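Visitor: Please take one part of this model and go through it closely. Then set it against the rest of the chain.

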Amino acid sequence: MVIGVPREIKNNENRVALTPAGVAELRKAGHTVYIQVNAGEGSGFSDEEYIGAGAIMLPTIEEIYGIAEMIIKVKEPIAQEYSLIKENQLLFTYFHFASSEPLTHAMIERGAVCLAYETVEKNDRSLPLLVPMSEVAGRMAIQEGAKYLEKPTKGRGILLGGVPGVKPAKVLVLGGGIVGAQAARMAAGLGAHVTLMDVSLPRLRYLADVMPENVDTMMSNEYNIREEVKHADLIVGAVLIPGAKAPHLVTRDMLKLMRPGTVLVDVAVDQGGCIETCRPTTHEDPTYIIDDVVHYCVANMPGAVPYTSTVALTNATLPYVMQLANKGWQQACRDNAELKLGLNVVDGKVVYKGVADAWNLPLVAVEDVLQQEVLN
Ligand SMILES: NC(=O)c1ccc[n+]([C@@H]2O[C@H](COP(=O)([O-])OP(=O)(O)OC[C@H]3O[C@@H](n4cnc5c(N)ncnc54)[C@H](O)[C@@H]3O)[C@@H](O)[C@H]2O)c1
(Lines give C-alpha, C1' and ligand atoms only; values in the text may rest on other atoms or scores of the structure.)
Protein backbone atom coordinates (compact mmCIF):
# COMPACT_ATOMS: atom_id res chain seq x y z
CA MET A 1 0.00 0.00 0.00
CA VAL A 2 1.05 3.59 -0.55
CA ILE A 3 1.08 5.41 2.79
CA GLY A 4 1.42 9.16 3.31
CA VAL A 5 2.31 11.09 6.47
CA PRO A 6 1.74 14.85 6.27
CA ARG A 7 3.30 17.38 8.60
CA GLU A 8 0.70 18.40 11.20
CA ILE A 9 -0.47 21.94 10.59
CA LYS A 10 -2.86 22.42 13.49
CA ASN A 11 -1.64 25.18 15.80
CA ASN A 12 0.95 23.97 18.33
CA GLU A 13 0.80 20.32 17.21
CA ASN A 14 4.33 18.91 17.23
CA ARG A 15 3.57 15.22 17.11
CA VAL A 16 3.93 13.09 13.95
CA ALA A 17 1.95 9.96 13.05
CA LEU A 18 4.87 7.67 12.22
CA THR A 19 8.43 7.37 13.57
CA PRO A 20 11.42 6.21 11.49
CA ALA A 21 11.05 2.84 13.29
CA GLY A 22 7.47 2.63 11.99
CA VAL A 23 8.63 3.43 8.48
CA ALA A 24 11.18 0.61 8.64
CA GLU A 25 8.49 -1.88 9.74
CA LEU A 26 6.15 -0.85 6.93
CA ARG A 27 8.97 -1.02 4.37
CA LYS A 28 9.86 -4.52 5.58
CA ALA A 29 6.27 -5.57 4.87
CA GLY A 30 6.59 -4.24 1.32
CA HIS A 31 4.75 -0.91 1.63
CA THR A 32 5.77 2.45 0.23
CA VAL A 33 5.92 5.34 2.71
CA TYR A 34 5.92 9.02 1.79
CA ILE A 35 6.72 11.51 4.55
CA GLN A 36 6.36 15.26 4.18
CA VAL A 37 9.63 17.15 4.59
CA ASN A 38 10.09 18.29 8.22
CA ALA A 39 7.08 16.25 9.42
CA GLY A 40 9.09 14.80 12.31
CA GLU A 41 10.95 17.97 13.27
CA GLY A 42 8.72 18.87 16.24
CA SER A 43 9.16 15.39 17.73
CA GLY A 44 12.92 15.27 17.17
CA PHE A 45 13.00 13.04 14.05
CA SER A 46 15.03 14.37 11.11
CA ASP A 47 14.33 13.84 7.40
CA GLU A 48 17.63 11.94 7.22
CA GLU A 49 16.38 9.43 9.81
CA TYR A 50 13.22 8.85 7.79
CA ILE A 51 15.22 8.44 4.58
CA GLY A 52 17.54 6.01 6.36
CA ALA A 53 14.49 3.96 7.35
CA GLY A 54 13.34 3.78 3.74
CA ALA A 55 10.85 6.66 3.42
CA ILE A 56 10.52 8.91 0.40
CA MET A 57 10.33 12.58 1.36
CA LEU A 58 7.92 14.91 -0.45
CA PRO A 59 8.08 18.67 0.01
CA THR A 60 4.38 19.59 0.09
CA ILE A 61 1.22 18.44 1.81
CA GLU A 62 -0.55 18.48 -1.58
CA GLU A 63 1.85 15.82 -2.90
CA ILE A 64 1.34 13.64 0.18
CA TYR A 65 -2.47 13.69 -0.09
CA GLY A 66 -2.20 13.35 -3.87
CA ILE A 67 -0.19 10.12 -3.85
CA ALA A 68 -1.31 8.17 -0.75
CA GLU A 69 -3.98 5.48 -0.48
CA MET A 70 -3.80 5.77 3.32
CA ILE A 71 -3.04 8.97 5.20
CA ILE A 72 -1.86 8.58 8.80
CA LYS A 73 -2.10 11.67 10.98
CA VAL A 74 -2.34 12.75 14.59
CA LYS A 75 -4.98 15.50 14.64
CA GLU A 76 -8.14 15.80 12.57
CA PRO A 77 -7.74 17.48 9.16
CA ILE A 78 -8.26 21.23 9.40
CA ALA A 79 -10.24 23.29 6.87
CA GLN A 80 -7.31 23.93 4.53
CA GLU A 81 -6.73 20.17 4.17
CA TYR A 82 -10.35 19.27 3.31
CA SER A 83 -10.02 19.87 -0.44
CA LEU A 84 -6.87 17.70 -0.60
CA ILE A 85 -8.71 14.57 0.55
CA LYS A 86 -9.66 12.18 -2.26
CA GLU A 87 -12.70 9.94 -2.60
CA ASN A 88 -12.08 6.51 -1.00
CA GLN A 89 -8.86 7.72 0.60
CA LEU A 90 -8.34 6.10 3.99
CA LEU A 91 -7.61 8.53 6.84
CA PHE A 92 -6.42 7.06 10.14
CA THR A 93 -6.15 9.75 12.84
CA TYR A 94 -7.92 11.36 15.83
CA PHE A 95 -11.14 12.93 14.51
CA HIS A 96 -13.43 13.64 17.52
CA PHE A 97 -16.30 14.11 15.07
CA ALA A 98 -18.85 14.66 17.84
CA SER A 99 -17.17 17.96 18.67
CA SER A 100 -17.07 19.37 15.09
CA GLU A 101 -20.04 19.52 12.76
CA PRO A 102 -18.09 21.21 9.90
CA LEU A 103 -15.46 18.44 10.00
CA THR A 104 -18.18 15.75 9.90
CA HIS A 105 -19.85 17.33 6.86
CA ALA A 106 -16.54 17.90 5.12
CA MET A 107 -15.54 14.24 5.47
CA ILE A 108 -18.98 13.11 4.25
CA GLU A 109 -18.65 15.38 1.20
CA ARG A 110 -15.12 14.23 0.38
CA GLY A 111 -16.24 10.55 0.38
CA ALA A 112 -13.22 9.56 2.49
CA VAL A 113 -12.93 6.49 4.72
CA CYS A 114 -12.43 7.91 8.22
CA LEU A 115 -11.08 5.54 10.87
CA ALA A 116 -10.88 7.40 14.18
CA TYR A 117 -8.20 6.56 16.74
CA GLU A 118 -10.50 7.53 19.59
CA THR A 119 -13.22 4.95 18.82
CA VAL A 120 -10.98 1.93 18.20
CA GLU A 121 -12.16 -0.19 21.10
CA LYS A 122 -11.09 -3.48 22.66
CA ASN A 123 -13.42 -6.23 23.90
CA ASP A 124 -13.09 -5.02 27.49
CA ARG A 125 -14.28 -1.55 26.30
CA SER A 126 -10.85 0.03 26.78
CA LEU A 127 -9.67 2.53 24.15
CA PRO A 128 -6.14 1.48 23.16
CA LEU A 129 -5.35 4.62 21.16
CA LEU A 130 -6.42 7.00 23.94
CA VAL A 131 -4.57 5.16 26.71
CA PRO A 132 -1.06 6.34 25.70
CA MET A 133 -2.05 10.02 25.94
CA SER A 134 -3.67 9.43 29.34
CA GLU A 135 -0.45 7.79 30.49
CA VAL A 136 1.53 10.83 29.38
CA ALA A 137 -0.92 13.30 30.96
CA GLY A 138 -1.05 11.38 34.25
CA ARG A 139 2.71 11.39 34.66
CA MET A 140 2.98 14.98 33.51
CA ALA A 141 0.36 16.12 36.04
CA ILE A 142 2.85 15.45 38.84
CA GLN A 143 5.81 16.99 37.01
CA GLU A 144 3.78 20.18 36.40
CA GLY A 145 2.24 20.11 39.86
CA ALA A 146 5.70 19.85 41.46
CA LYS A 147 6.87 22.86 39.46
CA TYR A 148 3.90 25.04 40.39
CA LEU A 149 4.26 24.12 44.07
CA GLU A 150 7.47 26.15 44.02
CA LYS A 151 7.27 29.64 45.52
CA PRO A 152 8.28 31.61 42.39
CA THR A 153 5.27 30.11 40.58
CA LYS A 154 3.01 31.07 43.54
CA GLY A 155 2.90 27.58 45.08
CA ARG A 156 3.22 26.61 48.76
CA GLY A 157 6.96 26.27 48.43
CA ILE A 158 7.08 22.61 49.29
CA LEU A 159 9.19 19.86 47.76
CA LEU A 160 7.04 16.83 46.84
CA GLY A 161 9.39 14.29 48.37
CA GLY A 162 10.53 16.37 51.36
CA VAL A 163 14.07 15.71 52.64
CA PRO A 164 15.32 13.69 55.64
CA GLY A 165 13.76 15.32 58.70
CA VAL A 166 11.03 17.13 56.70
CA LYS A 167 7.66 15.59 55.85
CA PRO A 168 6.88 15.07 52.16
CA ALA A 169 4.01 16.83 50.40
CA LYS A 170 0.49 15.38 50.31
CA VAL A 171 -0.99 14.62 46.90
CA LEU A 172 -4.70 13.91 46.40
CA VAL A 173 -5.64 12.17 43.13
CA LEU A 174 -9.33 12.11 42.18
CA GLY A 175 -10.05 9.19 39.85
CA GLY A 176 -7.99 6.00 39.74
CA GLY A 177 -8.17 5.18 36.02
CA ILE A 178 -5.26 5.46 33.58
CA VAL A 179 -4.43 9.12 34.36
CA GLY A 180 -4.95 8.77 38.11
CA ALA A 181 -2.92 5.57 38.48
CA GLN A 182 0.00 7.03 36.52
CA ALA A 183 -0.15 10.26 38.55
CA ALA A 184 -0.27 8.37 41.86
CA ARG A 185 2.67 6.17 40.91
CA MET A 186 4.73 9.16 39.76
CA ALA A 187 3.99 11.18 42.93
CA ALA A 188 4.76 8.15 45.10
CA GLY A 189 8.01 7.63 43.23
CA LEU A 190 9.06 11.17 44.11
CA GLY A 191 8.36 10.38 47.77
CA ALA A 192 5.08 12.25 48.26
CA HIS A 193 2.29 10.88 50.44
CA VAL A 194 -0.57 10.06 48.06
CA THR A 195 -4.31 9.55 48.55
CA LEU A 196 -5.99 8.01 45.52
CA MET A 197 -9.81 8.17 45.28
CA ASP A 198 -12.24 6.38 43.02
CA VAL A 199 -15.93 5.42 43.13
CA SER A 200 -15.32 1.86 41.97
CA LEU A 201 -14.60 -0.55 44.83
CA PRO A 202 -13.16 -3.24 42.52
CA ARG A 203 -10.82 -0.61 41.06
CA LEU A 204 -9.79 0.56 44.56
CA ARG A 205 -9.09 -3.05 45.54
CA TYR A 206 -6.88 -3.48 42.49
CA LEU A 207 -5.06 -0.19 43.10
CA ALA A 208 -4.51 -1.01 46.78
CA ASP A 209 -2.82 -4.24 45.63
CA VAL A 210 -0.50 -2.75 43.04
CA MET A 211 0.35 0.73 44.32
CA PRO A 212 3.48 1.49 46.38
CA GLU A 213 3.32 1.72 50.20
CA ASN A 214 3.00 5.50 50.23
CA VAL A 215 -0.32 5.45 48.31
CA ASP A 216 -3.57 5.14 50.31
CA THR A 217 -6.80 4.37 48.51
CA MET A 218 -10.08 5.98 49.57
CA MET A 219 -13.69 5.96 48.40
CA SER A 220 -14.55 9.11 46.47
CA ASN A 221 -17.47 11.01 47.98
CA GLU A 222 -18.13 14.61 48.93
CA TYR A 223 -17.42 14.12 52.63
CA ASN A 224 -14.03 12.49 52.05
CA ILE A 225 -13.00 15.02 49.41
CA ARG A 226 -13.95 17.93 51.70
CA GLU A 227 -11.75 16.46 54.46
CA GLU A 228 -8.78 15.67 52.21
CA VAL A 229 -8.54 19.01 50.38
CA LYS A 230 -7.76 20.72 53.73
CA HIS A 231 -4.38 18.97 53.93
CA ALA A 232 -3.47 18.37 50.28
CA ASP A 233 -0.62 20.33 48.70
CA LEU A 234 -1.34 19.09 45.17
CA ILE A 235 -4.73 17.90 43.89
CA VAL A 236 -5.00 16.09 40.55
CA GLY A 237 -8.40 15.80 38.81
CA ALA A 238 -8.52 12.58 36.75
CA VAL A 239 -12.13 11.38 36.67
CA LEU A 240 -14.00 10.26 33.59
CA ILE A 241 -17.62 9.28 33.14
CA PRO A 242 -17.66 7.98 29.55
CA GLY A 243 -19.80 10.08 27.25
CA ALA A 244 -20.65 12.65 29.95
CA LYS A 245 -19.32 15.89 31.33
CA ALA A 246 -16.99 15.41 34.30
CA PRO A 247 -18.74 15.87 37.70
CA HIS A 248 -17.61 18.85 39.82
CA LEU A 249 -15.99 17.01 42.72
CA VAL A 250 -14.07 20.02 44.01
CA THR A 251 -16.56 22.86 44.35
CA ARG A 252 -15.84 26.56 44.55
CA ASP A 253 -16.48 26.76 48.30
CA MET A 254 -13.84 24.06 48.93
CA LEU A 255 -11.09 26.47 47.79
CA LYS A 256 -11.60 28.30 51.10
CA LEU A 257 -10.69 25.10 52.96
CA MET A 258 -7.35 24.78 51.15
CA ARG A 259 -4.08 26.32 52.25
CA PRO A 260 -2.70 29.23 50.20
CA GLY A 261 -0.43 27.97 47.44
CA THR A 262 -2.21 24.63 47.01
CA VAL A 263 -1.93 23.52 43.37
CA LEU A 264 -4.82 22.02 41.38
CA VAL A 265 -4.05 20.16 38.15
CA ASP A 266 -7.34 19.30 36.43
CA VAL A 267 -6.42 16.77 33.74
CA ALA A 268 -10.13 16.15 33.09
CA VAL A 269 -10.45 19.72 31.77
CA ASP A 270 -11.06 18.31 28.26
CA GLN A 271 -14.35 16.87 29.55
CA GLY A 272 -15.33 20.07 31.37
CA GLY A 273 -13.10 19.50 34.41
CA CYS A 274 -13.85 17.93 37.80
CA ILE A 275 -12.84 21.10 39.65
CA GLU A 276 -15.61 23.71 39.47
CA THR A 277 -13.24 26.68 39.10
CA CYS A 278 -11.31 25.05 36.23
CA ARG A 279 -11.29 26.64 32.77
CA PRO A 280 -9.11 25.48 29.87
CA THR A 281 -5.63 27.02 29.63
CA THR A 282 -2.74 26.63 27.17
CA HIS A 283 0.94 25.74 27.45
CA GLU A 284 1.75 29.41 26.77
CA ASP A 285 -0.24 30.52 29.81
CA PRO A 286 -0.98 27.36 31.81
CA THR A 287 -2.05 28.66 35.22
CA TYR A 288 -4.25 31.20 36.97
CA ILE A 289 -5.01 31.85 40.63
CA ILE A 290 -8.32 31.95 42.47
CA ASP A 291 -8.44 32.42 46.27
CA ASP A 292 -4.64 31.89 46.45
CA VAL A 293 -5.03 28.45 44.87
CA VAL A 294 -3.00 27.77 41.70
CA HIS A 295 -5.05 26.22 38.85
CA TYR A 296 -3.29 24.34 36.01
CA CYS A 297 -5.84 23.24 33.38
CA VAL A 298 -4.06 22.63 30.07
CA ALA A 299 -6.37 20.73 27.74
CA ASN A 300 -3.61 19.12 25.62
CA MET A 301 -0.94 18.29 28.16
CA PRO A 302 0.86 15.67 25.96
CA GLY A 303 1.54 18.44 23.41
CA ALA A 304 4.36 19.75 25.63
CA VAL A 305 6.31 16.49 25.36
CA PRO A 306 5.99 15.63 21.66
CA TYR A 307 8.86 13.14 21.57
CA THR A 308 7.37 10.96 24.32
CA SER A 309 3.83 11.46 23.04
CA THR A 310 4.73 10.59 19.44
CA VAL A 311 6.56 7.42 20.39
CA ALA A 312 3.83 6.38 22.87
CA LEU A 313 1.08 7.02 20.31
CA THR A 314 2.83 5.28 17.41
CA ASN A 315 3.68 2.27 19.59
CA ALA A 316 -0.09 1.85 19.92
CA THR A 317 -1.16 2.78 16.37
CA LEU A 318 1.47 0.87 14.36
CA PRO A 319 -0.04 -2.63 14.80
CA TYR A 320 -3.34 -1.28 13.42
CA VAL A 321 -1.57 0.63 10.62
CA MET A 322 0.14 -2.61 9.66
CA GLN A 323 -3.15 -4.52 9.47
CA LEU A 324 -4.75 -1.78 7.36
CA ALA A 325 -1.76 -1.66 5.02
CA ASN A 326 -1.45 -5.44 4.67
CA LYS A 327 -5.12 -6.26 4.14
CA GLY A 328 -6.80 -3.03 3.03
CA TRP A 329 -9.31 -1.38 5.37
CA GLN A 330 -12.24 -3.55 4.31
CA GLN A 331 -10.63 -6.89 5.17
CA ALA A 332 -8.77 -5.51 8.19
CA CYS A 333 -12.09 -4.26 9.67
CA ARG A 334 -13.84 -7.55 8.89
CA ASP A 335 -11.07 -9.48 10.65
CA ASN A 336 -10.63 -7.16 13.63
CA ALA A 337 -13.66 -5.93 15.58
CA GLU A 338 -11.49 -3.34 17.37
CA LEU A 339 -10.63 -1.65 14.08
CA LYS A 340 -14.19 -1.95 12.79
CA LEU A 341 -15.35 0.19 15.73
CA GLY A 342 -12.93 2.86 14.52
CA LEU A 343 -14.92 3.39 11.32
CA ASN A 344 -16.86 6.64 11.68
CA VAL A 345 -17.55 7.93 8.15
CA VAL A 346 -17.27 5.76 5.02
CA ASP A 347 -17.92 6.85 1.44
CA GLY A 348 -20.21 9.69 2.56
CA LYS A 349 -22.12 7.63 5.13
CA VAL A 350 -21.96 7.97 8.91
CA VAL A 351 -21.43 4.51 10.43
CA TYR A 352 -20.74 5.44 14.07
CA LYS A 353 -23.75 6.03 16.32
CA GLY A 354 -22.18 8.74 18.47
CA VAL A 355 -21.44 10.86 15.38
CA ALA A 356 -24.90 10.32 13.82
CA ASP A 357 -26.56 11.24 17.14
CA ALA A 358 -24.37 14.31 17.64
CA TRP A 359 -25.36 15.92 14.32
CA ASN A 360 -28.73 14.30 13.69
CA LEU A 361 -27.51 12.42 10.64
CA PRO A 362 -28.76 9.06 9.34
CA LEU A 363 -26.81 6.09 10.69
CA VAL A 364 -25.81 3.35 8.26
CA ALA A 365 -24.86 -0.04 9.73
CA VAL A 366 -21.13 -0.62 9.35
CA GLU A 367 -21.84 -4.24 8.31
CA ASP A 368 -23.94 -2.95 5.39
CA VAL A 369 -21.06 -0.74 4.25
CA LEU A 370 -18.59 -3.63 4.48
CA GLN A 371 -21.04 -5.90 2.60
CA GLN A 372 -21.43 -3.26 -0.12
CA GLU A 373 -17.65 -3.17 -0.49
CA VAL A 374 -17.69 -6.93 -1.22
CA LEU A 375 -20.36 -6.43 -3.91
CA ASN A 376 -18.36 -3.59 -5.48
N1 LIG B 1 -5.70 17.33 29.67
C2 LIG B 1 -5.14 16.43 28.89
O3 LIG B 1 -4.20 16.71 28.15
C4 LIG B 1 -5.64 15.02 28.92
C5 LIG B 1 -4.90 13.99 28.32
C6 LIG B 1 -5.36 12.68 28.43
C7 LIG B 1 -6.57 12.42 29.10
N8 LIG B 1 -7.29 13.46 29.63
C9 LIG B 1 -8.55 13.27 30.37
O10 LIG B 1 -8.31 12.73 31.66
C11 LIG B 1 -9.52 12.16 32.15
C12 LIG B 1 -9.24 10.80 32.76
O13 LIG B 1 -8.88 9.89 31.71
P14 LIG B 1 -8.54 8.35 32.00
O15 LIG B 1 -7.97 7.83 30.74
O16 LIG B 1 -7.78 8.22 33.26
O17 LIG B 1 -10.01 7.75 32.21
P18 LIG B 1 -10.36 6.34 32.88
O19 LIG B 1 -11.70 5.97 32.37
O20 LIG B 1 -9.23 5.39 32.74
O21 LIG B 1 -10.46 6.70 34.44
C22 LIG B 1 -11.47 7.47 34.99
C23 LIG B 1 -11.69 7.02 36.42
O24 LIG B 1 -12.56 7.97 37.05
C25 LIG B 1 -13.31 7.23 38.00
N26 LIG B 1 -14.45 8.04 38.47
C27 LIG B 1 -15.64 8.24 37.89
N28 LIG B 1 -16.40 9.04 38.68
C29 LIG B 1 -15.65 9.33 39.78
C30 LIG B 1 -15.87 10.09 40.96
N31 LIG B 1 -17.02 10.72 41.18
N32 LIG B 1 -14.85 10.17 41.86
C33 LIG B 1 -13.68 9.54 41.65
N34 LIG B 1 -13.43 8.80 40.56
C35 LIG B 1 -14.40 8.70 39.65
C36 LIG B 1 -13.67 5.96 37.24
O37 LIG B 1 -14.11 4.93 38.12
C38 LIG B 1 -12.35 5.65 36.54
O39 LIG B 1 -11.54 4.78 37.32
C40 LIG B 1 -10.46 12.15 30.94
O41 LIG B 1 -11.33 13.25 31.03
C42 LIG B 1 -9.53 12.30 29.76
O43 LIG B 1 -10.19 12.85 28.63
C44 LIG B 1 -6.83 14.74 29.53
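**Histidine 96 and its surroundings**

Guide: Apart from residues within four places in sequence, histidine 96 contacts Glu76 and Glu118; a contact here means C-beta atoms, placed from the backbone, within 7 Å of each other. The model is predicted, so local features need pLDDT of at least 70 and side-chain atom pairs count only at pLDDT 80 or more, while totals for chains, interfaces and linings use all residues. Residues are numbered from 1 along each chain as its sequence is written.

Histidine 96 sits in the loop that joins strand S5 (90-93) to helix H5 (101-110). Helices (H or I, at least four residues) and strands (E, at least two) are DSSP runs numbered from the N terminus.

An unreviewed UniProt entry lists His96 together with Asp270 under "active site". The two are spread over 175 residues of sequence but cluster in space, with a largest C-alpha distance of 12.0 Å. UniProt positions are in the numbering used here, feature names are shortened, and annotations may be inferred rather than shown by experiment. Aspartate 270 also lies in a loop, between strand S11 (263-266) and strand S12 (287-290). Aspartate 270 is partly exposed because 18 other C-beta atoms lie within 10 Å.

As for the rest of the chain, an automatic or database assignment divides it into domain 1 (2-119 + 306-375) and domain 2 (131-304). Their C-alpha centres are 33 Å apart. Across the boundary, 10 residues of domain 1 are in contact with seven of domain 2. The domain 1 side of this contact has four nonpolar, five polar and one charged residues. Here Ala, Val, Leu, Ile, Met, Phe, Trp, Tyr, Cys and Pro count as nonpolar, Asp, Glu, Lys and Arg as charged, and the others, Gly among them, as polar.

The largest nonpolar core has 113 residues, and at least three come from each of domain 1 and domain 2. Such a core is a set of buried Ala, Val, Leu, Ile, Met, Phe, Trp, Tyr and Cys residues joined through C-beta atoms within 7 Å. Val236 is one of the residues with the most contacts inside this core. Beyond four places in sequence, valine 236 touches residues including Ala141, Val171, Ala183 and Val267.

How values were computed:
Two residues are in contact if their C-beta atoms, placed from the backbone, lie within 7 Å. A residue is buried if 20 or more other C-beta atoms lie within 10 Å of its own, exposed if 12 or fewer, and partly exposed in between; C-beta atoms are placed from the backbone.
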